[in-house]
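Here is a short briefing on one protein and its ligand. Take the sheet first, then the ligand site.

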Amino acid sequence: MRVDIVSIFPEYFAPLDLSLIGKARANGTLRLAVHDLRTWTHDVHRTVDDTPYGGGPGMVMRPEPWGEALDALAPDELNPDGHTMPRLLVPSPAGVRFTQAMAHELAAESHLLFACGRYEGIDQRVLDHAATRMRVTEVSLGDYVLFGGEVAVLVILEAVTRLLPGVLGNAGSLDEESHAHGLLEAPMYTKPATWRGHEVPDVLRSGDHGRIARWRRDEALTRTAARRPDMMAALPPESLDKRDRAA
Ligand SMILES: N#Cc1c(-c2ccc3ccn(Cc4cccnc4)c3c2)n[nH]c1N
């Protein structure tokens, strides 16, 4: 997967050299490049923002630098390596909610292009024009307001990269984690069996894999019902067997 990120704070992405994302870059699973938006400014002050039409607080990111950046990173002609147009992702408080399902969807893309806004956001015409040439998705992490899109890109990239083949050592862990099947994951334990008077549930030390699987399912259902009734409501009825309904 190829990933391009455009930001006025490219140094925000230094953490992407670390850990499993760093390894994915080193082994070629992830080809990531971070670009400074000011590369595409031409004035002495390298200006990227201006006052909003219609008035109001703050500043808006000017369309010209963004237009040139997207032209350079998503040229109309096929990329040298033959790839088609990238999918443009624009973090925004007004975006569609980012979910694990979207992470899976994005993990299937060959080229992601992230546009990190700042100030009050990017001039809408940048997104409108981009949408005439590529798929554009405004995406939000949740119902709170950040300073800009960089943190969202770090979160999205981590959620997507861990789904790429070979990135997670134990791909099986993807099957049981929270949100994998629309439920929160069950509690996890490791040695020692007793810690500060707290015991590991006996079933997990029984060696009975059927009982363990049932216990984990019951715990996942209980947790999800208590913490995320919205997820319970969204579960397809056929995904719950009669035992689940009794849990
Ligand atoms: N994803 C995501 C987000 C953002 C977010 C993403 C990009 C930008 C670019 C600028 N701001 C500040 C800003 C402040 C006020 C109004 N509009 C924008 C951003 C906030 N906030 N919350 C999320 N879940």
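In what order do the five strands of the open sheet stand? The order is S2-S1-S6-S5-S7, and the pairing is parallel. Keep in mind that this is a predicted model.

**The sheet**
- Strand S2 (31-36) and S7 stand at the edges. Each has a single partner strand, so one side of each is left without a neighbour in the sheet.
- On average, neighbouring strands of this sheet are turned by 30° against each other, direction ignored.
- Strand S1 (residues 2-7) and strand S6 (residues 111-115) run parallel and are joined by five bridges.
- Arg 2 has His 111 in S6 as its bridge partner.

**The helix across the sheet**
- Helix H2 (residues 63-73) lies across S1, S2, S5 and S6.
- The helix runs at about 165° to S1.

**The ligand site**
- There are 18 residues around the ligand. Ser 140, Leu 141, Gly 142, Tyr 144 and Leu 146 come nearest.
- By class, the shell holds ten nonpolar, six polar and two charged residues.
- A polar backbone atom of Tyr 144 is 2.5 Å from a nitrogen atom of the ligand.
- For Gly 142, a polar backbone atom is 3.0 Å from a ligand nitrogen atom.
- For Ser 92, the distance from a polar backbone atom to a ligand nitrogen atom is 3.5 Å.
- On its own the ligand has 510 Å² of accessible area, and the protein covers 87% of it.
- Strand S5 (87-97) and strand S7 (136-140) are the elements that give two or more residues to the shell. S5 gives the most, with three residues.

Technical notes: Residues are numbered from 1 along each chain as its sequence is written. This is a predicted model: local features need pLDDT of at least 70, side-chain atom pairs count only at pLDDT 80 or more; totals for chains, interfaces and linings use all residues. Side-chain values use heavy atoms; hydrogens and water are left out. A residue is near a molecule or strand if one of its heavy atoms lies within 4 Å of it. A polar contact is a pair of N or O atoms within 3.5 Å; within protein, one must be able to donate a hydrogen and the other to accept it, and residues adjacent in sequence count only if both atoms are side-chain atoms. Accessible areas come from the Shrake-Rupley method with a 1.4 Å probe; for residues, only the protein chains shown count as cover. Helices (H or I, at least four residues) and strands (E, at least two) are DSSP runs, numbered from the N terminus. Ala, Val, Leu, Ile, Met, Phe, Trp, Tyr, Cys and Pro count as nonpolar, Asp, Glu, Lys and Arg as charged, and the others, Gly among them, as polar. Two strands pair if DSSP finds at least two bridges between them. Axes are lines fitted to C-alpha atoms, for helices over the stretch in contact, and angles run from 0 to 180 degrees between N-to-C directions. Contact means heavy atoms within 4.5 Å.
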